[in-house]
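Here is a short report on one protein model. Read it alongside the sequence and the 3D view.

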Amino acid sequence: MLKILLLFVVLIAGIIFGPVLAGHQGYVLIQTDNWDIETSVTSLVIMFVLLQLVLIFLGWCYRRFIGTSSKAYSWFSFRKRNRARKQTRLALMKLAEGDFKQVEKLMSRNADYAEQPVVNYLLAAEAAQQRGDEFRVQQYLERAAELADTHQLPVDITRVRILLAQNENYAARTAVDDLLNQAPRHPEVLRLAQTAYIRTEAWQALLDILPSMQKIALHSDDELAQLRQQAYIGIMGQKMSENGCEGLKTWWKGQSRKIQHDNALRAVVAEHLIECNDPDTAQTIILDGLKRHYDERLILLLPRLKKTDANVILKVLNSLIKQHGPTPLLNSTVGQIAMHQGQWPEAETAFRNALKQRPDAHDFAWLADVLDNQRKPQESAKVRKDALIMTLKQDPIIFDDQKKESK
């Protein structure tokens, strides 16, 4: 309404003042080197107004054109975003099916218009790795790194995961060391570090990340204990290969009491010492462990000790029998040590006591040897027969065949 009112005001003003100004239009001269332009003030004003209208019209046309282009661009962008969304959903279905070729194709197509383009490129990289296309893997990772900007952690984690899948273990270990500096308690980083350190036998590095794993409850206590034991066993093997038996003993002496009192580690150290022909140190470690805590892993090593004081070992075993009862393992171990010392009657008694508690092929064989050494061939033959029957019963196929043949 205001515009119409203004228009009427202008028209009325023109009707009133038009005739008055008709004879007093004035004179305007615009002179240049080559041109002389003569006109009235009224004409100049009209031309100026017309010029303004032309400029306004051109501006309107420009804005209209830009608006149309923007709408067209928005429409095409919407189509691509919608298509990228559908392709991402379909790619996830193909991922569940294990069709990595389709996963790569769908994830990479229109990935720039996806809701999370970095995720699309990373999944496309992992799918390409499954197909063995390393060139595509690098392409997708580089594009993801460009789009991630300052948030490079997902890209770096995917890169390490792909390196491990390609068995590039040492490259993965270098990369995972950098990741631990960025995110020392990130669950996936710790999982990748665990895999990389185990594969490259970086046992000390594995021990260093165990406290972080424990703080975020990445594994149960039993699993962490197994990893810790695996790491220490690996370190023992490295010390043996680097400096032999002396290197292992030096390293063991330098460990804390908590480590030295771990019977599982004691058993490993003692076994290494037995293998490198140091039974005396091995005996000391085993017997100290048994005095602190009953452990069958240590008892199993006692018969392997050669050229040691068997009386000391038998004394400890008899003490264990008084504390824990005459178990089959203790009786069998006493029998083996007595047999090695030529104490045949004591060995026979121990093996018979063990066999009364549970049948065992090894104890049957050792008892037969002990009876042979005591010149008891009939008893020895009976023991071997009993061992054979027990073996056949343990293998039902053989035992059934024997029954058929006897019929």
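Arg352 lies in helix H17 (residues 344–357) and Glu379 in helix H19 (residues 377–394), so the pair ties together parts that are 27 residues apart in sequence. A salt bridge here is a side-chain nitrogen of Lys or Arg within 4 Å of a carboxyl oxygen of Asp or Glu. Arg352 is partly exposed, at 31% relative accessibility. Glu379 is partly exposed too, at 36%. (Buried means under 20% relative accessible area, exposed over 50%, and partly exposed in between, with a 1.4 Å probe and protein chains only.)

Arg384 bridges to Asp372, and the closest N and O atoms are 3.0 Å apart. Arg384 belongs to helix H19 and Asp372 to helix H18 (residues 361–373), so this pair ties together parts 12 residues apart in sequence. Arg384 is partly exposed at 39%, and Asp372 is partly exposed at 36%. The salt-bridge count comes to 17.

## Basis of the values

Residues are numbered from 1 along each chain as its sequence is written. Because the model is predicted, local features need pLDDT of at least 70 and side-chain atom pairs count only at pLDDT 80 or more, while totals for chains, interfaces and linings use all residues; side-chain values use heavy atoms, without hydrogens and water.

## The chain as a whole

The chain has 20 helices and two strands. These are DSSP runs numbered from the N terminus: helices are H or I with at least four residues, strands E with at least two. Of the 407 residues, 35% count as buried. Take contacts between residues at least 6 apart in sequence: 47% of them join residues at least 24 apart. Contact means heavy atoms within 4.5 Å.

The chain exposes about 26000 Å², and carbon and sulfur atoms supply 56% of that area. Accessible areas come from the Shrake-Rupley method with a 1.4 Å probe; for residues, only the protein chains shown count as cover.

## Helix H10

Helix H10 spans residues 221–253 and includes Gly244. Gly244 is partly exposed, with a relative accessible area of 23%. Its C-alpha atom is 9.6 Å from that of Leu273, 29 residues away along the chain. Glu246 and Lys249 meet in a salt bridge (3.2 Å, N to O). They are three residues apart in helix H10, and therefore separated by about one helical turn. Lys249 is buried, at 18% relative accessible area.

The whole structure holds four aromatic pairs. In one of them, the ring centres of Tyr232 and Trp251 are 6.2 Å apart and the planes meet at 50 degrees, so the pair is tilted. Rings of Phe, Tyr and Trp (its six-membered ring) pair if their centres lie within 6.5 Å; planes under 30 degrees apart count as stacked, over 60 as edge-to-face and the rest as tilted. Both Tyr232 and Trp251 are buried. Ring pairs link Tyr232, Trp251 and Trp252 into a cluster.

## Buried residues in other helices

Asn263 sits in helix H12 (residues 263–275). Asn263 is buried, at 6% relative accessibility. A polar atom of the Asn263 side chain lies 3.3 Å from the backbone oxygen of His293. Setting aside residues up to four places away in sequence, Asn263 touches Gly289, His293, Asp295 and Leu298.

Ala338 lies in helix H16 (residues 328–340). Its relative accessible area is 1%, so Ala338 is buried. Beyond its neighbours within four places in sequence, Ala338 contacts Gln343, Glu346 and Ala347.

## Loops with positive phi

Most residues other than glycine have a negative phi. Asp149 is not a glycine, yet has a positive phi of about 60 degrees. Asp149 is in the loop between helix H5 (134–148) and helix H6 (153–165), and is exposed at 57%. Glu201, also not a glycine, has a positive phi of about 60 degrees. Glu201 lies in the loop between helix H8 (187–199) and helix H9 (203–215), and is partly exposed at 46%.

Conventions. Polar contact = N/O pair within 3.5 Å; in protein donor to acceptor, adjacent residues only side chain to side chain.
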